[in-house]
Amino acid sequence: MTDAVVVGGGLAGLVAARHLADAGRDVTVLERRDEVGGRVRSTREDGFVFDRGFQVLFTAYPAARRELDYDALDLRYFSAGATIANPGRRSVLADPLSSPSDLSDTLFNTDVTLGDKLRLFKLQRDMKAADIGTLFDPDERQDVRDYLHARGFSEKFVENFAAPFYGGITLDRSLSTDAGVFRYTFKMLSEGKTAIPAEGMGAISEYLADRARAAGAEIELGTAVKSLDASDGGVTVGTDGETISADGAVVATDPPTVAELTDVAVPTETSGCVTQYYGLPGHVELETGKKIVLNARDAEPNQIAPLSAVASEYAPDDRTLVSATWLGERDESDAELQSRGRAVLGQWYPERQFDALELLRTDRIDVAQFVQPPGFRADLPAVDAPDGPVVLAGDYTRWSAIQGALESGRVAARKLE
């Protein structure tokens with residue numbers, strides 16, 4: 001018999017396991033895959049690093065600062081702001097205080113109005129001053145689009161910048177996500193940087209697993225949990241090969257498995273995406289530096305990320321790696337999406353040739369986030385919603401982000417201690 005079983009080796013489960021082990025509990029993590037990380041994993045092939053879909057870390061996330069060692073992760077940073085792309089032309093929008101070299105380009109950007117630039121500066125100042133506990137208003141029923149209009153931003157700003165930029169963050173280009181998600185992430189962008197570890201986003205999961213093991217937790221990979229029975233006296237966890245008894249359990253799996261194991265109602269409406277990774281010969285400079293390139297016209301694709309420009313470790317010395325992300329599920333074949341990606345790059349950079357663009361990998365992620373409409377937090381399950389000594393850990397107990405996953409693991413561990 002053990003003190004605690006953690007079902008699931010994603011970010012939330014690994015954080016919960018480490019905190020429980022630090023508190024002196026005997027902890028066993030059961031992960032059905034042959035690797036940790038859940039949605040945050042990376043694959044290394046032929047000198048390239050492929051994250052599971054385009055993901056980034058906001059370094060200002062409070063839970064990330066608490067749980068992670070940024071030096072150990074060897075972070076690489078995107079440049080502040082973004083490049084706004086239309087057929088035949090590109091423009092830059094960035095905070096001049098964070099990126100002084102972009103001052104001139106930002107001032108002369110015609111894709112947003114001068115008033116929008118001033119409102120953006122005021123919004124940044126307001127969010128920096130805001131208490132983080134007030135960013136999600138439980139009584140608010142306003143989405144991102146309505147919030148931006150209420151603050152006076154023009155439709156030009158909303159469509160050319162906010163829709164593709166926050167479409168990439170929330171997988172919702174319509175901007176119908178709860179305004180609290182916008183405020184929280186905007187504050188994080190204002191106070192920190194956007195980063196990827198040199199060895200890929202999966203390095204975050206591997207780091208958390210190492211911390212959990214160092215604290216004394218045992219992690220069993222390739223072990224799927226089939227049942228969980230709880231009573232006041234403890235829990236019994238059934239796998240394919242054994243039955244484990246424990247004083248308590250943390251269920252830190254995907255929402256469908258949570259519902260199956262605990263009968264707790266969890267968010268079921270989700271958003272997905274498709275990310276393709278393209279290789280180009282040599283070092284190809286897209287003249288965007290380390291900025292994400294936003295598609296101002298449509299979501300075909302929504303954004304392009306210059307990954308090897310940000311982290312040279314993502315590609316061999318003689319290659320360039322970029323990613324293109326489409327929102328939602330797509331019926332087109334990999335080859336059809338690649339053709340669209342090549343065509344869009346050609347429209348944005350008519351002075352360049354992309355005939356040598358090679359499709360290296362396609363990730364079709366059906367469940368990347370759960371949908372977060374205005375007021376969504378009122379319907380999220382409580383950490384201690386299951387019967388008996390069982391708690392939940394996952395972003396679906398807070399909000400859909402790395403911050404939500406990391407924080408939920410700590411909250412769950414404290415509840416079970």
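The side chains of Glu407 and Arg410 meet in a salt bridge, with 3.1 Å from N to O, where a salt bridge is defined as a side-chain nitrogen of Lys or Arg within 4 Å of a carboxyl oxygen of Asp or Glu. Both residues lie in helix H13, three residues apart, about one turn of the helix; helices (H or I, at least four residues) and strands (E, at least two) are DSSP runs, numbered from the N terminus. Glu407 is buried, and Arg410 is buried as well, the term buried standing for under 20% relative accessible area, exposed for over 50%, and partly exposed for values in between (1.4 Å probe, protein chains only). The pair belongs to a network of salt bridges that links Arg18, Asp22, Arg66, Glu67, Glu407 and Arg410.

The structure is a predicted model, in which local features need pLDDT of at least 70 and side-chain atom pairs count only at pLDDT 80 or more, whereas totals for chains, interfaces and linings use all residues. Residues are numbered from 1 along each chain as its sequence is written, and side-chain values use heavy atoms, with hydrogens and water left out.

Over the whole structure, the search finds 35 salt bridges. Side chains of opposite charge can pair when their charged atoms come close. One of the salt bridges joins Asp111 and Arg89, whose closest N and O atoms are 2.8 Å apart. Because Asp111 lies in the loop between helix H4 (103-107) and helix H5 (114-129) while Arg89 lies in strand E8 (residues 89-93), this pair ties together parts that are 22 residues apart in sequence. Asp111 is buried, at a relative accessible area of 3%, whereas Arg89 is partly exposed, at 40%. Another salt bridge is formed by Glu35 and Arg41, with the closest N and O atoms 3.2 Å apart; here Glu35 counts as partly exposed because its relative accessibility is 36%, and Arg41 counts as buried because its relative accessible area is 15%.

Attention now turns to the nonpolar residues. In soluble globular proteins, nonpolar side chains tend to be buried together. A nonpolar core is taken as a set of buried Ala, Val, Leu, Ile, Met, Phe, Trp, Tyr and Cys residues joined through side-chain atoms within 4.5 Å. The largest such core has 113 residues, and those with the most contacts inside it are Leu57, Tyr61, Phe157 and Val250. Helix H1 (residues 11-22) supplies the largest share of this core, eight residues. Apart from this core lies another, of 17 residues, including Val274, Ile304, Ala324 and Phe354. Contact means heavy atoms within 4.5 Å, and, when residues up to four places away in sequence are not counted, Phe157 touches Leu93, Val112, Asp116, Leu120, Leu148 and Ala162.

Leu11 is found in helix H1 and counts as buried, since its relative accessibility is 7%. Although Leu11 and Ile204 are 193 residues apart in sequence, their C-alpha atoms are 8.3 Å apart in space. Ala401, in the loop between strand E19 (390-392) and helix H13 (402-416), is also buried, with a relative accessible area of 16%. Beyond its neighbours within four places in sequence, Ala401 is in contact with Tyr61 and Asp395.

At the level of domains, whose bounds come from an automatic or database domain assignment, the chain is divided into domain 1 (2-41 + 201-267 + 373-416), domain 2 (42-77 + 195-200 + 270-370) and domain 3 (113-190). The centres of domain 2 and domain 3, taken over C-alpha atoms, are separated by 24 Å, and the contact takes 18 residues from each of these two domains. Between them, domain 2 and domain 3 bury about 1,300 Å², 67% of it on carbon and sulfur atoms, buried area being the accessible area (1.4 Å probe) that two parts lose on being put together, summed over both. The count of salt bridges between these two domains is zero.

Within strand E14 lies Thr275, which is buried at 0% relative accessibility. The side chain of Thr275 makes a polar contact with the side chain of Thr325 at 3.0 Å; a polar contact is a pair of N or O atoms within 3.5 Å, where, within protein, one must be able to donate a hydrogen and the other to accept it, and residues adjacent in sequence count only if both atoms are side-chain atoms. The Thr275 side chain also reaches the backbone nitrogen of Phe54, at 3.3 Å.
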